[in-house]
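Biologist: I am new to this structure and want to learn how to read it. Can we go feature by feature?

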Amino acid sequence: MDKMFCMQCEQTAGGKACTNAGVCGKSANTARLQDELTGALITAAKNGIELEDTLLLESLFSTLTNVSFDDAALEKQIAKIGQPYYNLYKVRDADEDTRSLKTLLLLGVRGIAAYAYHSLVLGYDAADITAFIRKALAAVSEDSYGLNELLPLVMECGKVNLTALELLDKANTETFGNPAPVAVSREIEPGAFIVVSGHDLRDLKLLLEQTEGRGVKVYTHGEMLPAHAYPGLKKYTHLKGSFGTAWQNQQKEFEGVPAPFLFTTNCLMPPKASYADRVFTTAAVSYPGLEHIGADKDFTPVIRKALELGGYKEPQGDGIFTTGFGHHAVLSVADTVISAVKSGAIKHFFLVGGCDGAKPGRNYFTDFVNQTPGDTIILTLACGKYRFNGLNLGAIAGLPRILDMGQCNDSYSAVKVALALAEAFNCGVNDLPLTFVLSWYEQKAVSILLSLLHLGIKNIRLGPSLPAFISPNVLHYLAENFGIKSITTPEADLAEILGANP
Ligand code: SF4
Ligand code: SF3
């Protein structure tokens, strides 16, 4: 018998499932506990027991890839729920299409939970969203459910995720202001500093408050880069710049750095012994042996560690990353964009974004962007942007050709811009010269993909490989109805896209 069964992310073993240990570093025991936690949530939902929203969302968040590796923390969470667990092996033993759709629903719900969690901590009520999560969790346990019952739920999952993204956009912009384009320095100045990773802007804000006047600078890592664009965060002069690149490079990039790292969400990789003493976690992120900052958000241990390590003596690194092109910034120059399209200065838009990962096939996204013609604009978001956000591809109509719209959490911006363009040109989104070329890795990408399908967006290209949990019939359905396809080569894909939409 397999020691575990997990197929939820793109790097799953052999493109099928991790059955012995996770490629991500998750042990079989952790995988079992995450199944039990999910199973306990399913039982509660099935029996109409309304768990508190925070408990529900945080529990689901801790089952996302690269969030919790901590058996004791998971056991504690299971105890808080206090329900017998529904055995997820029942889903795995179902026919392949039922299994595929139930998995899609469950993973989509995990993604939604992550987004709703960030809104909830900023004081935004997510009750409509958690009501759907409960309904979806209960549906996973319905043995009689097949294609007819599950497909509509999977589509509804995309709709609800869009609501969650819209709520998060409201929560972030009302709390921290509208992001504005900004050039973020990649130089690390001498002196004590903290590197903060993940997606949670509230955690960053609290850390900035607690470090103010303490002689400790703060640098963002990975998905935290777009935080520099928010007036409510940028105003802290000790929020200095950006450290490193995407999550999968952390074991290399963290080595020998004289500063602590704080993970507010995914993607945490098992830390190497050489730097484990300086990695801190908070919220749903947890790893055995690492110091965890609790709900009181007292970051004193992190600050103490920064002062103790002292930082670099000389400046390190150079260059910039540009970010902050959220819907507010892009739509404020909508007239310029529209006339550039009308005059032929902009021929095509590509949304190239999503999650990054370690597979060599991900060079596709770098090559693709490098090969896009000079009269095209690349919108990007999430950590997949690190494949090309260091490139200088010039500008059109005063806009850089690569526009970073933010985190995966800011996907609502891309949707809003696409809908506004469609309205301006009086056509449907699918009639726009706009193509989605998405990379996926974990479950938040699954929920975003479902949102794009809910909006009826067609011909999305997905890579580097298709999810292992999509059965041939479900894939056929997605290809027939939405024209979803796998990426091939940048040359062939570009020729096809631009040939079809000159
Ligand atoms: Fe494997 Fe991904 Fe699951 Fe980790 S999260 S165990 S790598 S499928
Ligand atoms: Fe990245 Fe983990 Fe998905 Fe927010 S940080 S996008 S992978």
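Modeller: Start with Asn172. Leaving out residues up to four places away in sequence, Asn172 touches Leu122, Gly177, Leu201, Tyr230 and Asp410. Contact here means heavy atoms within 4.5 Å. The model is predicted, so local features need pLDDT of at least 70 and side-chain atom pairs pLDDT 80 or more, while totals for chains, interfaces and linings use all residues. Side-chain values use heavy atoms without hydrogens or water, residues are numbered from 1 along each chain as written, and chains are lettered from A and ligands numbered from 1 in written order.

Biologist: Where is Asn172 found? Is Asn172 buried or exposed?

Modeller: Asn172 belongs to helix α7, residues 147-176. Helices (H or I, at least four residues) and strands (E, at least two) are DSSP runs, numbered from the N terminus. Asn172 has 5% relative accessibility, so Asn172 counts as buried. The scale is relative accessible area: buried is under 20%, exposed over 50%, partly exposed in between, with a 1.4 Å probe and protein chains only. The C-alpha atoms of Asn172 and Gly232 are 9.8 Å apart, although 60 residues separate them along the chain.

Biologist: What does Asn66 touch?

Modeller: Asn66 sits in the loop between α2 (53-61) and α3 (71-81). With a relative accessible area of 3%, Asn66 is buried. Its contacts, again not counting residues up to four places away in sequence, are Cys24, Trp247, Asn266, Cys267, Leu268 and Tyr441.

Biologist: Which residues surround ligand 2?

Modeller: A residue is near a molecule if one of its heavy atoms lies within 4 Å of it. The shell of ligand 2 consists of His199, Glu223, Trp247, Asn266, Cys267, Cys355, Ala382, Cys383, Cys408, Tyr441 and Glu442. By class, that shell has seven nonpolar, two polar and two charged residues. Ala, Val, Leu, Ile, Met, Phe, Trp, Tyr, Cys and Pro count as nonpolar, Asp, Glu, Lys and Arg as charged, and the others, Gly among them, as polar.

Biologist: How many residues surround ligand 1?

Modeller: Ligand 1 has 13 residues around it, and the closest are Cys6, Cys9, Cys18, Cys24 and Thr65. The shell of ligand 1 divides into seven nonpolar, five polar and one charged.

Biologist: Now the sheet. What is the order of its six strands?

Modeller: Strands of a sheet pair through backbone hydrogen bonds, either parallel or antiparallel. Here the open sheet of six strands runs β4-β3-β2-β5-β6-β7, with parallel pairing. β4 (239-243) and β7 (291-293) are at the edges with a single partner strand each, so one side of each has no neighbour in the sheet. From one strand to the next, the twist averages 30°. Two strands count as paired if DSSP finds at least two bridges between them. β2 (residues 193-197) and β5 (residues 261-263) run parallel and share three bridges. Ser197 has Phe263 of β5 as its bridge partner. Four bridges join β2 to β3, also in parallel. Strand β3 (residues 217-221) is mostly covered, with four of its five residues buried.

Biologist: Which helix lies across β2, β6 and β7?

Modeller: That is helix α11 (residues 300-309), at about 135° to β2. Its buried residues are Pro301, Val302, Ile303, Lys305 and Ala306. Among the elements covering them are β2, α8 (201-211), β6 and β7. Just after α11, Gly310 takes a positive phi of about 80°.

Biologist: How do I read two packed helices?

Modeller: Two packed helices are described by the angle between their axes and the distance between the axes. Axes are lines fitted to C-alpha atoms, for helices over the stretch in contact, and angles run from 0 to 180 degrees between N-to-C directions. Helix α1 (residues 28-46) and helix α6 (residues 127-140) have axes that come within 8 Å and cross at roughly 105°. α1 and α6 are therefore roughly perpendicular. Under 35 degrees counts as roughly parallel, over 145 as roughly antiparallel, 65 to 115 as roughly perpendicular, and the rest as oblique. In α1, Leu41, Ile42, Ala45 and Lys46 meet Arg134, Leu137, Ala138 and Val140 of α6. The contact residues comprise six nonpolar, no polar and two charged.

Biologist: Which residues does a cis peptide bond join, with omega about 10°?

Modeller: Asn266 and Cys267. Cys267 lies in the loop between β5 and β6.
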